[in-house]
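Here is a short briefing on one protein chain. Please keep the sequence and the 3D view open while you read.

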Amino acid sequence: MRPENALGWADSALDAVLAKAAVTHAEVGERFPLYADPESGRWKTTARGSWTGGFWAGLLWLLARHSGAPSHVRAARACTARLADWAGADTSTRGLILWYGTVLADDGDHVRSRGARACLDAFDAELGLVPWGSAFGGPPSTARVDGVPGMVPLLATVDAEAARSHLSRHLALFTRARPPAWSWLHTAEAGWAPAAGPPPGWSRGPAWLLLALAEGARLPGGDPFVALADALTPSSAVPPADTAHPDGPLDTSAAAITALALIRLGRGDRAAGILEVLVDRHLTADGRLLDSCYDLAAGTAVRHELIWGDFFLAYALAELTGRVSGGTG
């Protein structure tokens, strides 16, 4: 049993991250923040949110539930409403967009249910999953690890068996190769074969899959998924962006994703240890989680603040401290 004030550091950190979210909203308006320069703090933004839009909506909902301010509630509702067009997009990242963009919302049922039905329509029974799709380029009949989390609980709202199949098929693929391949291409001639990129040492590969396992564990009969968690939990609190470059940039966003997954898997002490490192070493006084890496190979935002890093840090801190209220997750 923790002393009553044992998580004071987590409460203070959550306050800082959410206060910074309010500042960010004032800066970006109706655009979606993607990543921010570590020196200036200036955000690169997008008009529609890309695959990260749900994390901004989710962060705004955490802020709204924390403050209760009508202006924050209005901002969160408006942001979730702007995600609606993604329901019809051909991409399995709809799970990340539409689940995490609505899970804390007080008015997200319509967007979430429309997206869930569309994803079920896209489910390929022969492949046993919702394919990666064509919205972000590349061959549509692809399985990628970032198309699994979010999609599992989203599908489960309309078809639990499809959700279980989506997760199980991806797990079977990602554990087939050594080192692991985080992307697989299906052709009629060859079946499934590893695709180029992301690299085997990619930090977010195991983090995304661990989060999907935590989601799968909540399905009926989902206990077997929990047994796979140890193999996906990194030994270090904050992993390198690519294990092939151990002295290169870190990825605090992967650590934040891992922390939330571990909390969901009932491993709160391990999650708290990760979060303490993030807060002590990588969170600025004004609530910016630095040292996240978007894309090391492309040299994109390799030591930056990333919107999903902020969201998963805030969500994990909120769950650790018991300050999540409402929502469906």
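How many cavities of 30 Å³ or more does the count come to? The count comes to one cavity. The model is predicted: local features need pLDDT of at least 70, side-chain atom pairs count only at pLDDT 80 or more, and totals for chains, interfaces and linings use all residues. Residues are numbered from 1 along each chain as its sequence is written, and side-chain values use heavy atoms, with hydrogens and water left out.

**The cavity**

- A cavity here is a set of points, on a 1 Å grid over the protein atoms alone, where a 1.4 Å probe fits but cannot get out.
- Grid points are joined across faces, edges and corners, and a volume is the space filled by probe spheres set on the points.
- The largest cavity holds about 40 Å³ of space.
- Lining residues have an atom within 4 Å of a point.
- Val17, Lys20, Ala21, Thr24, Trp43, Trp56, Leu59, Gly287, Glu305, Ile307 and Asp310 line the largest cavity.
- Three helices, α1 (8–28), α2 (53–67) and α13 (307–321), each give at least two residues to this lining.
- Helix α1 has the largest share, with four residues.
- By class, the lining has six nonpolar, two polar and three charged residues.
- Ala, Val, Leu, Ile, Met, Phe, Trp, Tyr, Cys and Pro count as nonpolar; Asp, Glu, Lys and Arg count as charged; the others, Gly among them, count as polar.

**The chain as a whole**

- The chain has 13 helices and six strands.
- The radius of gyration is 18 Å, close to the 20 Å that the globule rule gives for 329 residues, so the chain is as compact as a globular protein of that length.
- That radius is taken over C-alpha atoms, and the globule rule is 2.2 Å times the number of residues to the power 0.38.
- Helices (H or I, at least four residues) and strands (E, at least two) are DSSP runs, numbered from the N terminus.
- The C-alpha trace spans about 55 × 45 × 40 Å along its principal axes.
- Of the 329 residues, 56% count as buried.
- Buried means under 20% relative accessible area, exposed means over 50%, and partly exposed lies in between (1.4 Å probe, protein chains only).
- The chain exposes about 13000 Å², and carbon and sulfur atoms supply 52% of that area.
- Accessible areas come from the Shrake-Rupley method with a 1.4 Å probe.
- Among contacts with a separation of 6 or more, 66% join residues 24 or more positions apart.
- Contact means heavy atoms within 4.5 Å.

**Buried residues**

- Thr52 sits in the loop between β2 (43–46) and α2, and is buried at 1% relative accessible area.
- Leaving out residues up to four places away in sequence, Thr52 touches Pro33, Leu34, Ile307 and Trp308.
- His282 belongs to helix α12 (residues 268–282) and is buried at 9%.
- Gly191 is in strand β5 (residues 191–194) and is buried at 18%.
- Gly191 and Leu127 are 64 residues apart along the chain, and their C-alpha atoms are separated by 9.6 Å.

**A partly exposed histidine**

- His245 lies in the loop between α10 (229–232) and α11 (252–264), and counts as partly exposed at 46%.
- Setting aside neighbours within four places in sequence, His245 is in contact with Pro240 and Leu296.
- His245 and Gly201 are 44 residues apart in sequence, and 8.5 Å apart C-alpha to C-alpha.

**Backbone points to check**

- Most residues other than glycine have a negative phi, and most peptide bonds are trans.
- The peptide bond from Arg178 to Pro179 is cis, with omega near 0°; Pro179 is in the loop between α7 (160–174) and β4 (183–187).
- The bond from Gly197 to Pro198 is also cis, with omega near -10°; Pro198 is in the loop between β5 and α8 (204–216).
- Ser50, in the loop between β2 and α2, has a positive phi near 50° and is partly exposed at 22%.
- Asp291, in the loop between α12 and β6 (305–306), has a positive phi of about 65° and is partly exposed at 25%.

Key
On a 1 Å grid over the protein atoms alone, a cavity is a set of points where a 1.4 Å probe fits but cannot get out, and a pocket is an open set with protein on both sides within 12 Å along at least five of seven lines; lining residues have an atom within 4 Å of a point.
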